[in-house]
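Load the model below and keep the selection panel open. Each stop names what to select and then says what is there.

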Amino acid sequence: MKFLLFCVIILKIITISYNPLAWFDEVFFASMSENFWQKGTFHTPIVVFEEEVKIYGFFYFLYTGFLPYIFQDIFGFSHTPFYFRIGNLCSGIIFLFIFYKLLRIYLYFPKKYALFLTFLLSIDPFFNLCWHEGRMDLTALCFGYIFLFFLQIFFLPNNSEKNIKKRFLYLFFCAVCVALALCTTPRMALFFVAFGLVGFFFGNFQQKFIWFLIVIKAFLLYYIWIFWKFDGIYDFLNYYKEGGKLAHQSPFSEHYLGGRGYIPKHEYLIIFLTIFFAVFYFLHRIQNFYKNPTQTKPPALKGETPRGEGLLVPPLGVRGLLLLGGGINIIFFYLFVFDYGQYSIYILGFYYILFGFFVYELSLINFKNNFLVEKFFQKKYILGFLLVFNAFFFLGKNLQIFSDMARKNPQIANEFIAKNIPKNARVIGDATYYYALHNQKKAKNVRFQLIDNFEILENRERLQRQKFQYTHVIVTDMLRKKRPELLDFYEKKAKEQGKSWKKIAKLYLPTPIIHEKIGQFFRISQMENPAYNAEIFEVKAPQPPKGE
């Protein structure tokens, strides 16, 4: 199983520069990371507004901007997706390792079972999507899961660790993880609130006091960020209340808070299985309770760490902390997070934890010679079913990537831009050509802005025409398909100002038949089929007649 996990990681490293194509969130954060390392501010030069973006915190931009700064700005390597995405890939690897450790420490799973669940998560369709994206979600989750790793010392049976120095050190590490997670994205507040509520309501006095100390220390550490970029707590809270250009001059809560019940289709199975086996598990526990109402604690497993703590019986044990905290996290997510796809990664790990727990517990039950029921709840059949589903989409996605790697090689974009974009050009377009245009930033003093985000269309066009003074427009096939009205508007406004709108270059590489067939067979999105296909338009002001 370790070998299979290693193969998955190697496969991710090989394909990281090819899939996905550069997209809005990624280039927005990449631009901010670069600006932070070069100038120490949180401006994003590729958008039309000029205010700093302080909603996320600083850590992700410090973390992901390091390698691009070292290899590209100092050593002069080509600007590619690899250097920015590798940080998120490393976060995914760390996340899987800590996930495995939590299964072993919190739930006392056997090594092989914990490894298999970790492998299932590593090939989960949605986890794989997030593993290649240039977002901060996996990095923030790493801090959350590392926090739980250090927290276990205070919730193990009999508090086995008596070393006072080690306990205080772990307490400090917990506070650091909370502060850094919140400095990666404030969305992680829900994660810690959920576990805090579990500790407060179900922990004993000592455990509640531990939570109190973590909150105080984490706040003091987080206040360093508030002191650095805000004038104080009032200014900090007012920033989130008023929003800004990033939130279209409205409170951030209107754009990021409020559940909408969206569930990515690839998560349907794991959610269904988790709920299905949870129902059977609790029905069995209720039935046993009425048969033997004095039994409140599960028996220890032979050859394993004693599981003396109950789910809801103080002092709260590691098992109850993880399961209840994970369940509340899922509920909070659907109630408070405005999700339209990418944020579900915050609860995906908890679905696998709960699924693994219910399946494992049911597999230990003696169903009194009921052969069919006993076979139904055997781990190998249940896990095998989920393995087939995850492996099917994992195989399909990677076949799709490899079948089109030649067209999605970033070097194609680099050569197309180097050949057709002149010195001192001011270019607008979608995110697809961000890295290729960045390679011409130093060599040719080329500047780039996104044509399809922020401000209303009329204001954005005016700002880019009058202030940015764009000279070239890159129109990818994906942009033309998604936003044809946007391009028509820009062309119309340019011609109204007496400017010419002339196509000077075109890149077209046909989609391989096998690539389309793979997408159809495995029912995988083919949104990126156009790859780097695009046209470049030169926009020029009218030249005065000679002699004038």
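Select E26, V27, A30, S31, E34 and Q38 in α2 together with Y434, Y435, H438 and K441 in α20: these two sets meet, where contact means heavy atoms within 4.5 Å. The contact of α2 with α20 has 4 nonpolar, 3 polar and 3 charged residues; Ala, Val, Leu, Ile, Met, Phe, Trp, Tyr, Cys and Pro count as nonpolar, Asp, Glu, Lys and Arg as charged, and the others, Gly among them, as polar.

The model is predicted: local features need pLDDT of at least 70 and side-chain atom pairs count only at pLDDT 80 or more, while totals for chains, interfaces and linings use all residues. Residues are numbered from 1 along each chain as its sequence is written, and side-chain values use heavy atoms, with hydrogens and water left out.

Now show the whole of α2 (residues 24–39) and α20 (residues 434–444); their axes come within 11 Å and cross at roughly 25°. Helices (H or I, at least four residues) and strands (E, at least two) are DSSP runs, numbered from the N terminus. Axes are lines fitted to C-alpha atoms, for helices over the stretch in contact, and angles run from 0 to 180 degrees between N-to-C directions. The two helices α2 and α20 are therefore roughly parallel to each other; angles under 35 degrees count as roughly parallel, over 145 as roughly antiparallel, 65 to 115 as roughly perpendicular and the rest as oblique.

Within α2, pick S31. Is S31 buried or exposed? S31 is buried, at a relative accessible area of 2% (buried means under 20% relative accessible area, exposed over 50%, partly exposed in between, with a 1.4 Å probe and protein chains only). Apart from neighbours within four places in sequence, S31 touches H43, T44, P45, I46 and Y434.

Next, select helix α15 (residues 318–336). At 1.5 Å a residue, its 19 residues should span 27 Å, and the end C-alpha atoms are 26 Å apart, which agrees; the expected span is 1.5 Å times one less than the number of residues. Buried residues of α15 include L321, L322, L323, N329, I330, F332 and F333.

Beyond neighbours within four places in sequence, I330 is in contact with I347, F350, Y351 and L354. I330 and F350 are 20 residues apart in sequence and 7.5 Å apart in space, C-alpha to C-alpha.

F173 is partly exposed, with a relative accessible area of 29%.

Finally, display the sheet. Its 5 strands form an open sheet with mixed pairing, in the order β2-β1-β3-β5-β4; two strands pair if DSSP finds at least two bridges between them. The edge strands, each pairing on one side only, are β2 (447–450) and β4 (500–507). From one strand to the next, the twist averages 25°. Helix α23 (residues 484–496) packs on the sheet, touching β1 (426–429), β3, β4 and β5, and its direction makes about 140° with that of β4. Select β3 (residues 472–476) and β5 (residues 534–540) to see antiparallel pairing over 5 bridges; V473 has F537 in β5 as its bridge partner.
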